[in-house]
Amino acid sequence: MAEEKTRVDFNAPKSIVERADNVAELLDISRTRLLIDALQDELDELVNEEGFRNRLRDAYYDERIDFQTVKSVLGQEEAMRMKLLRASIDREPPEPQLKAELPSDEEFYDGEVPVWRSDSEEPADNEDAESTA
């Protein structure tokens with residue numbers, strides 16, 4: 001399904017328009033196609049610049065822009081990451097705290113508590129068999 005389009009009108013210096021027309025003719029594409037491709041390339045490059053990302057992050061954390069704006073610029077995954085980070089920053093208290101006591105080891109492991117042993121402490125299979133015989 002084709003994406004919905006929006007008409008954009010703007011004034012540009014005549015020399016740039018003539019240059020764009022010459023390049024579009026050389027590439028055998030329309031001026032509109034050339035401008036869309038150039039705009040897409042510029043936006044792709046911009047979102048990868050650390051300075052721009054910092055500005056976007058600051059604007060979002062200061063609530064000057066909303067989640068949908070971040071999502072439209074960076075995409076769903078990175079916008080969600082930023083949203084979760086902001087939620088953790090806004091959390092009061094800042095660190096999560098348990099509302100109840102920690103469970104005992106037996107409760108946590110549902111019975112038998114496993115004991116870690118290094119490889120050198122593990123009995124060999126035949127030693128284990130001998131000790132049970």
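1. Let me start with Arg64, which is exposed at a relative accessible area of 56%. Here buried stands for under 20% relative accessible area, exposed for over 50%, and partly exposed for what lies in between, with a 1.4 Å probe and protein chains only. The side chain of Arg64 meets that of Asp62 in a salt bridge, 3.4 Å from N to O. Asp62 is likewise exposed, with a relative accessible area of 51%. A salt bridge here is a side-chain nitrogen of Lys or Arg within 4 Å of a carboxyl oxygen of Asp or Glu.

2. A word on the basis of these remarks. This is a predicted model, in which local features need pLDDT of at least 70 and side-chain atom pairs count only at pLDDT 80 or more, whereas totals for chains, interfaces and linings use all residues. Residues are numbered from 1 along each chain as its sequence is written, and side-chain values use heavy atoms, with hydrogens and water left out.

3. How many salt bridges does the structure hold? There are seven. One of them joins the side chains of Arg7 and Asp9, at 3.7 Å from N to O. Arg7 counts as exposed, at 73% relative accessibility, and Asp9 is exposed too, with a relative accessible area of 63%.

4. The salt bridge between Glu78 and Arg53 deserves a look of its own. The closest N and O atoms of this pair are 2.7 Å apart. The pair links distant parts of the chain, with Glu78 in helix H5 and Arg53 in helix H3, 25 residues apart. Helices here are DSSP runs (H or I, at least four residues), numbered from the N terminus. Glu78 is partly exposed, with a relative accessible area of 27%.

5. Is Arg53 buried or exposed? Arg53 counts as buried because its relative accessible area is 16%, and the cut-off for buried is under 20%. Leaving out residues up to four places away in sequence, Arg53 touches Val47, Asn48, Leu74 and Glu78. Contact means heavy atoms within 4.5 Å.

6. Now to the largest nonpolar core. Eight residues make it up: Val47, Leu56, Tyr60, Phe67, Val70, Leu74, Ala79 and Met82. Such a core is a set of buried Ala, Val, Leu, Ile, Met, Phe, Trp, Tyr and Cys residues joined through side-chain atoms within 4.5 Å. At least two residues of this core come from each of helix H3 (50-61), helix H4 (67-74) and helix H5 (76-90). H4 gives the most, with three residues. In soluble globular proteins, nonpolar side chains tend to be buried together. For Phe67, the contacts beyond four places in sequence are Tyr60, Ala79, Met80 and Lys83.

7. A pocket is an open set of points on a 1 Å grid over the protein atoms alone, where a 1.4 Å probe fits, with protein on both sides within 12 Å along at least five of seven lines; lining residues have an atom within 4 Å of a point. Helix H1 (14-27) and helix H2 (31-47) are the elements that give two or more residues to the lining, and H2 gives the most, with nine. The lining divides into 13 nonpolar, three polar and seven charged residues.

8. The second largest pocket holds about 160 Å³ of space. Its lining consists of Gln40, Leu43, Asp44, Leu46, Val47, Phe52, Ser72 and Val73. By type, the lining has five nonpolar residues, two polar and one charged.

9. Finally, Val73, which lines that second largest pocket, is found in helix H4. Val73 counts as partly exposed because its relative accessibility is 30%. Val73 and Leu46 are 27 residues apart in sequence, and their C-alpha atoms are 9.8 Å apart in space. Beyond its neighbours within four places in sequence, Val73 is in contact with Val47, Phe52 and Leu56.

Terms used
Ala, Val, Leu, Ile, Met, Phe, Trp, Tyr, Cys and Pro count as nonpolar, Asp, Glu, Lys and Arg as charged, and the others, Gly among them, as polar. Grid points are joined across faces, edges and corners, and a volume is the space filled by probe spheres set on the points.
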